[in-house]
Every structure is written in C-alpha cells, then in structure tokens.
Amino acid sequence: SHFNLWTFPWRSSTDTQSASSATLTEKTGPSATVVTEGIDKTPTFIMKATATGNTTGAILSLRLKIVGVAYDGSSFSATSETARTTVAAANSPEFLMVDWGVAVPMGVFTATPEIAVSTGTASFALTMSGNFAN
C-alpha cells in the first residue's frame, strides 16, 4: 500500500565536527531531510557520537535540531533533549546518543546536530540514522 513506502530506515554519512564552546552550536552534518505526509508516520532520528575532549571533567553535550516548512507555508522548528557525558580522561572516547521521535506537520524538514563542550575543545564523530514509526 501507499503507507508501506514510508516505513524505511535511513542513514547518513559520518561527519567529524569540533566544539570549543559551552553553547550548543548547530553543525551542518551529518543531516537528514525527510518529507512527511502528516497522517500517521512520525520520523525518528538517531544521532550517535563518539567524542573526545582534551580536558578531564569537561561536559560534552549533543542535541538534535529540526527545521523546515510545512505544506501550508508555515515554518517549524524543534529541539530534542540534550544528551550529556563527562570526559573521564583527556582524549579518551566518550559515547553519546539521542533517539528522538518528533511529531511534525506535513512538510519537508531537516535534522542537524548541535554540540558543545563545557571547557577546552572536543571532536565529535557523528552518525545519523532513523526511520518512520507507525
């Protein structure tokens, strides 16, 4: 049926992004753009990160932001909860994940990561995937 066309998973490439601010900063990749029909399918975005910070005790943060335009021309924007972890030892890998299902109106939307580090600098290897939930 028509609805089965929408129940597929997606995965974007892995991008490495850097952070040097305690303020969550939007990055361009990896990103996922989805088209929704707004009937019964909710996009679920999964952002995984392997991050290394250069300062022991620093807080690493990861959040997803979705923006787009509904078919009626109105704009839409939302942000997920923020995942956080503490750098156990300088330059050791830490893992973060955001798994976010968000109800959006009918339209075209793009999800991108926002990252931050409380002190020092950090590198985030980010991979986005997702699917449509019934």
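Strands, like helices, were taken as DSSP runs numbered from the N terminus, with at least two residues (E) for a strand and at least four (H or I) for a helix. The structure is a predicted model, in which local features need pLDDT of at least 70 and side-chain atom pairs count only at pLDDT 80 or more, whereas totals for chains, interfaces and linings use all residues. Residues are numbered from 1 along each chain as its sequence is written, and side-chain values use heavy atoms, with hydrogens and water left out.

Strand β8 spans residues 93–101. Its covered face carries Glu-94, Leu-96, Val-98 and Trp-100, while Pro-93, Phe-95, Met-97, Asp-99 and Gly-101 make up the uncovered face. In a regular strand, side chains alternate between the two faces of the sheet. Strand β4 (residues 42–53) pairs with β8 in the antiparallel sense over 9 bridges; pairing requires that DSSP find at least two bridges between two strands. Within this arrangement, Ala-51 stands opposite Glu-94 of β8.

The structure contains 2 salt bridges, each defined as a side-chain nitrogen of Lys or Arg within 4 Å of a carboxyl oxygen of Asp or Glu. One joins Lys-65 to Glu-26, with the closest N and O atoms 3.5 Å apart. Because Lys-65 belongs to strand β5 (residues 59–70) and Glu-26 to strand β2 (residues 25–26), this pair ties together parts 39 residues apart in sequence.

Arg-63 and Glu-114 also form a salt bridge, at an N to O distance of 2.7 Å. This pair links distant parts of the chain, Arg-63 lying in β5 and Glu-114 in strand β9 (residues 107–117), 51 residues apart.

Conventions:
Buried < 20%, exposed > 50% of the residue type's maximum accessible area, 1.4 Å probe, protein only.
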